[in-house]
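Here is a short briefing on one protein chain. Please keep the sequence and the model side by side as you read.

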Amino acid sequence: MKKITIKKYTNRRLYHTVDKKYITLDELSLIIREGNYVEVIDNQTKEDITQETLLQIILNDEKKHTIFSTKLLHQLIKLQKDEHQEFLQFYLSSSLDSYMKLKDNMQQQFNMWNGWMNMTQMPNYFANNAWEQLQSTLKGYEKKIADLENKLKGEDE
């Protein structure tokens, strides 16, 4: 994971200090999705404004995609001044880390199985067994992901 410093100027423009160019919030979002860690610094005050910039990205994306249900947003606001806030941060972070690892693992297994399925010399009985096992594994991962998404939305059953 590469750490990238972004400077935010008074005109609200973001400057990528590695690539030496101005970027948009959408481009900053893409940089993060590619696995980079960013730090956003107010160029005038030298204050770390990473958190508010990331929240701004989430709010902009939220208009397009609804990750946060109204119920979850209410719960987060209620818990803002809670004495257990550190535990909540740890729990949410750990849950998202687990989700990302699960997603990556599932993609790796799919790629591996897909490679095996493309082998032209594979005996039919092995191919059928592998396909059934792949379907079973994918269903299990889909259920785990759905359960995790429900927990994150505050819709535990």
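Ser95 sits in helix H4. In this predicted model, Ser95 is buried, because its relative accessible area of 9% is under the 20% cut-off. Beyond its neighbours within four places in sequence, Ser95 makes contact with Leu148 and Leu152.

- Helix H4 covers residues 85-117, and Tyr91 is part of it.
- Tyr91 is partly exposed: its relative accessible area is 34%. That value falls between the limits of 20% for buried and 50% for exposed.

**Helix H1**
- Helix H1 spans residues 25-33.
- Its buried residues are Leu25, Leu28, Ser29 and Ile31.
- Viewed down the axis of H1, these buried residues fall within an arc of 155 degrees, so they line one face of the helix.
- Just after H1 comes Gly35, with a positive phi of about 105 degrees.

**Positive phi outside glycine**
- Arg12 has a phi near 70 degrees, a positive value in a residue other than glycine.
- Arg12 belongs to the loop between strand E1 (3-8) and strand E2 (14-16).
- Is Arg12 buried or exposed? Arg12 counts as exposed, because its relative accessibility is 70%, and the cut-off is over 50%.
- Lys20 is not a glycine either, yet its phi is positive, at about 55 degrees.
- Lys20 lies in the loop that runs between E2 and strand E3 (21-23).
- Lys20 has 59% relative accessibility, so it counts as exposed.

**The whole chain**
- How many helices and strands does the protein have? There are 5 helices and 4 strands.
- Along the sequence, their order is β-β-β-α-β-α-α-α-α.
- The protein has 157 residues, and 24% of them count as buried.
- Among contacts with a separation of 6 or more, 52% are between residues 24 or more positions apart.
- The accessible surface of the protein comes to about 12,200 Å². Carbon and sulfur atoms account for 52% of that surface.

Conventions
Residues are numbered from 1 along each chain as its sequence is written. This is a predicted model: local features need pLDDT of at least 70, side-chain atom pairs count only at pLDDT 80 or more; totals for chains, interfaces and linings use all residues. Side-chain values use heavy atoms; hydrogens and water are left out. Helices (H or I, at least four residues) and strands (E, at least two) are DSSP runs, numbered from the N terminus. Buried means under 20% relative accessible area, exposed over 50%, partly exposed in between (1.4 Å probe, protein chains only). The arc is that of the directions from the helix axis to the C-beta atoms. Contact means heavy atoms within 4.5 Å. Accessible areas come from the Shrake-Rupley method with a 1.4 Å probe; for residues, only the protein chains shown count as cover.
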